[in-house]
Amino acid sequence: MAYRVMKTLAAGIAALCLGLGAAQAAGEAKPAKDVSFEHAGPFGAYDRAAVQRGLQVYKQVCAGCHGLKYVAFRTLTGVGFSEDQVKAIAAESTVTDGPDSSGEMFDRPARPADRFPSPFANDQAAAAAFGVAPPDLSLMSKARPHGDAYIYSLLTGYDEPDAEGHEITCGDGTYVNPYFLAGNCIAMAPPLFDDAVEYADGTPATSAQMAKDVTTFLAWAAEPKMEERKQMGVKVILFLIFLSVLLYLAKKQIWGRLH
Ligand code: HEC
């Protein structure tokens, strides 16, 4: 009996070790680069200008492959665009609407209440184009560990050697990127190169600058209400301090009378 229990235990431990080994083998991605963002930390707020530049990078570079289906254009008023600017930005995209009175779907310019349209009709069409469907980016910065640093590293980390300094080779249709969590070879061709966009505010558009800006934009897209959340946190803490003082004084009064 004891022997049987021990055998089962041993088999369990062996399975666990094997499992861990496999997990390590699959998770060999290079740790994300050390990059700091203004919106990090308990009081950090989004760098408005960076979000605006990041929107430009998203629209001119990423939007050809990636959707942003949970983000409505009107939310852009939260990062410093006027209502008229938002209307103009929305109108640059086309959405499908309908059916009209004859039952047909039709295309029209997007309005502020619409969400960013996806470039492909469905995942199958997207996968047919690239082998792997480019994922929707609405929540990407929350969906990966250390999302901001991860996205930045991914965009700036093509053709680097792996974590141990070894050269990586990839098969057809994939590109070397040691930061990619699902292996070192990614089906996304390097999307950024210097001057891929011409920034409206005159900032020099290096690849690193564009990577940082579009990462800030994606962080905002995934949590447009972050600043309210942080401010609420500060208010709650101030209130708790106030309440503690009040309770302390009340306690002193009540017990003072009893002594
Ligand atoms: C030519 C098409 C194309 C363009 C342009 C493009 N991507 Fe991609 N992207 C892909 C494909 C395809 C994948 C899926 C890769 C895979 O799983 O191997 C992907 C995956 C990703 C991922 C997910 C990585 C992961 O961990 O799963 C992120 C983040 C990303 N892209 C960000 C961007 C950003 C930001 C831009 C714009 C600067 C951009 N992409 C431009 C095709 C593209």
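What arrangement do the six donor atoms form around the iron atom of the ligand? Let's find out, keeping in mind that this is a predicted model.

## The iron site

The answer is octahedral, because the six donor atoms subtend angles of 86 to 177° around the iron atom of the ligand. The protein supplies His66, through its NE2 atom, and Met188, through its SD atom, and these donors lie 2.0 Å from the iron. This pair brings together distant parts of the chain, as histidine 66 and methionine 188 are 122 residues apart. You can find histidine 66 in the loop between α2 (48–60) and α3 (83–91), while methionine 188 is in the loop between β4 (185–186) and α7 (207–222).

How covered are these two residues? Histidine 66 has a relative accessible area of 10%, so it counts as buried, the cut-off being under 20%. Methionine 188 has 23% relative accessibility and therefore counts as partly exposed.

## Helix α8

Now look at helix α8, which covers residues 226–258. Glutamate 227 lies in this helix, and with 15% relative accessibility this glutamate is buried. The side chain of glutamate 227 makes a polar contact of 3.1 Å with the side chain of arginine 48.

Leucine 249 also has its place in helix α8. At a relative accessible area of 48%, leucine 249 is partly exposed.

Definitions and conventions: Residues are numbered from 1 along each chain as its sequence is written. This is a predicted model: local features need pLDDT of at least 70, side-chain atom pairs count only at pLDDT 80 or more; totals for chains, interfaces and linings use all residues. Side-chain values use heavy atoms; hydrogens and water are left out. Helices (H or I, at least four residues) and strands (E, at least two) are DSSP runs, numbered from the N terminus. Buried means under 20% relative accessible area, exposed over 50%, partly exposed in between (1.4 Å probe, protein chains only). Donors are N, O and S atoms within 2.8 Å of the metal (3.2 Å for Na, K and Ca); water is not among the atoms, so sites may look incomplete. Four donors count as tetrahedral if all angles lie between 85 and 135 degrees; four count as square planar and six as octahedral if opposite donors are over 155 degrees apart and all others between 65 and 115; anything else is irregular. A polar contact is a pair of N or O atoms within 3.5 Å; within protein, one must be able to donate a hydrogen and the other to accept it, and residues adjacent in sequence count only if both atoms are side-chain atoms.
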